[in-house]
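These are my notebook entries on a structure that I had not examined before. I set down what I looked up, topic by topic.

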Amino acid sequence: MSLSVCTAEPSCGREPVAVRPLAGLLRQLSDLIETLTDDEYARTPVGVVESSIGGHVRHNLDHIAALLRGLPTGRLSYDHRDRGTDVERNRRAALEAVRCLGDELLAFTWDELPHVVILESLVSPDLPPVLTLTSPERELAFVVSHTVHHNALIRVMVKLLGADAPADFGYAPSTLAHRTGRTCVR
């Protein structure tokens with residue numbers, strides 16, 4: 001799945017609540033990548049973590065791209081990902097991919113999507129994929145949670161490298177709300 005072409009246009013219509021938080025996570029990720037050296041970004045292993053920070057960035061972006069490519073078709077899978085890409089090895093390629101995907105996310109036409117989509121998911125390498133009915137909003141919430149999870153791993157790796165991560169980077173929205181005393185925002 002290529003992330004190198006940036007063709008985003010301004011969005012209009014109904015935008016799910018999770019879109020702006022996901023775009024914010026991408027901005028946080030971009031800001032963090034900017035602070036790393038090329039070596040820190042691509043180094044493996046980092047402490048006891050076998051993968052690179054770039055591997056986690058690529059993995060995050062693959063999920064967002066899969067979401068944006070799959071939703072209009074009514075069928076979605078996060079299992080078909082490219083590995084070992086430039087985004088994983090090259091900090092500049094990653095920054096460009098994050099920027100393009102963020103633009104695409106904000107320009108995405110959310111009001112023309114099917115209300116129900118089919119999620120194809122491998123639950124075991126030895127079994128055929130499971131098919132599940134889901135919704136665009138549910139999958140957006142999953143991708144936000146998934147991105148936070150990998151950002152938390154990136155945070156640990158950054159600290160193992162002796163660098164700093166922003167105070168809120170890699171924390172779940174519920175943790176941040178709890179810290180500020182906003183446990184219920186509605």
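**Entry 1**

I began with Thr134, which I located in strand β3. The model is a predicted one, and I kept that in mind throughout. Is Thr134 buried or exposed? I found a relative accessibility of 11% for Thr134, so the residue counts as buried, the cut-off for that class being under 20%. Its side chain is joined to the side chain of Glu139 by a polar contact of 2.8 Å. Leaving out residues up to four places away in sequence, I listed His115, Val116, Val117, Leu119 and Glu139 as the residues that Thr134 touches.

**Entry 2: The sheet**

I next looked up the sheet. It is open, has 3 strands in the order β1-β2-β3, and its pairing is mixed. Which strands stand at the edges? They are β1 (75–77) and β3 (130–134); each has a single partner strand, so one side of each lacks a neighbour in the sheet. Neighbouring strands are turned against each other by 30° on average, with direction ignored.

I then took the pairs in turn. In general, strands of a sheet pair through backbone hydrogen bonds, in a parallel or an antiparallel sense. Here β1 and β2 are parallel, with 3 bridges, and Arg75 has Ile118 of β2 as its bridge partner. Strand β2 (residues 117–121) and β3 are antiparallel, with 5 bridges. For this second pair I noted that Leu119 is bridged to Thr132 in β3, and that Glu120 is bridged to Leu131 in β3.

**Entry 3: Helix α1 and Leu22**

I turned to helix α1 (residues 19–35), where Leu22 is found. Does the span of α1 agree with its length or depart from it? The 17 residues should span 24 Å at 1.5 Å a residue, and the end C-alpha atoms are 25 Å apart, so the two agree. The buried residues of α1 are Val19, Leu22, Ala23, Leu25, Leu26, Leu29, Ser30, Leu32 and Ile33. I recorded that these buried residues pack against α2, α3, α5 and α6.

Leu22 has a relative accessible area of 0% and is therefore buried. Beyond residues up to four places away in sequence, Leu22 touches Ile64, Leu105, Leu140, Val143, Val144 and Thr147. I also looked up the separation of Leu22 and Pro125: they are 103 residues apart along the chain, and their C-alpha atoms are 29 Å apart.

**Entry 4: Helix α5**

Helix α5 (residues 91–107) has 17 residues and reaches 24 Å from first C-alpha to last, close to the 24 Å expected at 1.5 Å a residue. Which residue caps the N-terminal end of α5? I found Asn90 there, with a side-chain oxygen 2.8 Å from the backbone nitrogen of Arg92. The buried residues of α5 include Arg91, Cys100 and Leu105. Against which helices do the buried residues of α5 pack? I noted α1, α2 (38–42), α3 (53–70) and α4 (86–89).

**Entry 5: Helix α6 and Asn151**

I then examined Asn151, which lies in helix α6 (residues 136–160). The helix has 25 residues and reaches 36 Å between its first and last C-alpha, close to the 36 Å expected at 1.5 Å a residue. Following α6 comes Gly162, with a positive phi near 85°.

What does its side chain make a polar contact with? The partner is the side chain of Asn60, at 3.1 Å. Leaving aside neighbours within four places in sequence, Asn151 is in contact with Leu25, Leu29, Asn60, Phe169 and Gly170.

**Entry 6: A cis peptide bond**

I looked up the loop between α2 and α3, where Pro45 has its place. The peptide bond joining Thr44 and Pro45 is cis, with omega about -15°.

**Entry 7: Confidence**

Last, I looked up the confidence of the prediction. The mean pLDDT of the protein chain is 91, and 91% of its residues reach 70 or more. Over residues 1–5 the pLDDT is below 50, and this stretch has 14 contacts in the model beyond near neighbours in sequence. Where pLDDT is low, predicted coordinates should not be read in detail.

Note on methods. Residues are numbered from 1 along each chain as its sequence is written. This is a predicted model: local features need pLDDT of at least 70, side-chain atom pairs count only at pLDDT 80 or more; totals for chains, interfaces and linings use all residues. Side-chain values use heavy atoms; hydrogens and water are left out. Helices (H or I, at least four residues) and strands (E, at least two) are DSSP runs, numbered from the N terminus. A polar contact is a pair of N or O atoms within 3.5 Å; within protein, one must be able to donate a hydrogen and the other to accept it, and residues adjacent in sequence count only if both atoms are side-chain atoms. Contact means heavy atoms within 4.5 Å. The expected span of a helix is 1.5 Å times one less than its number of residues. pLDDT is the predictor's confidence in each residue, from 0 to 100. Two strands pair if DSSP finds at least two bridges between them. Axes are lines fitted to C-alpha atoms, for helices over the stretch in contact, and angles run from 0 to 180 degrees between N-to-C directions. Buried means under 20% relative accessible area, exposed over 50%, partly exposed in between (1.4 Å probe, protein chains only).
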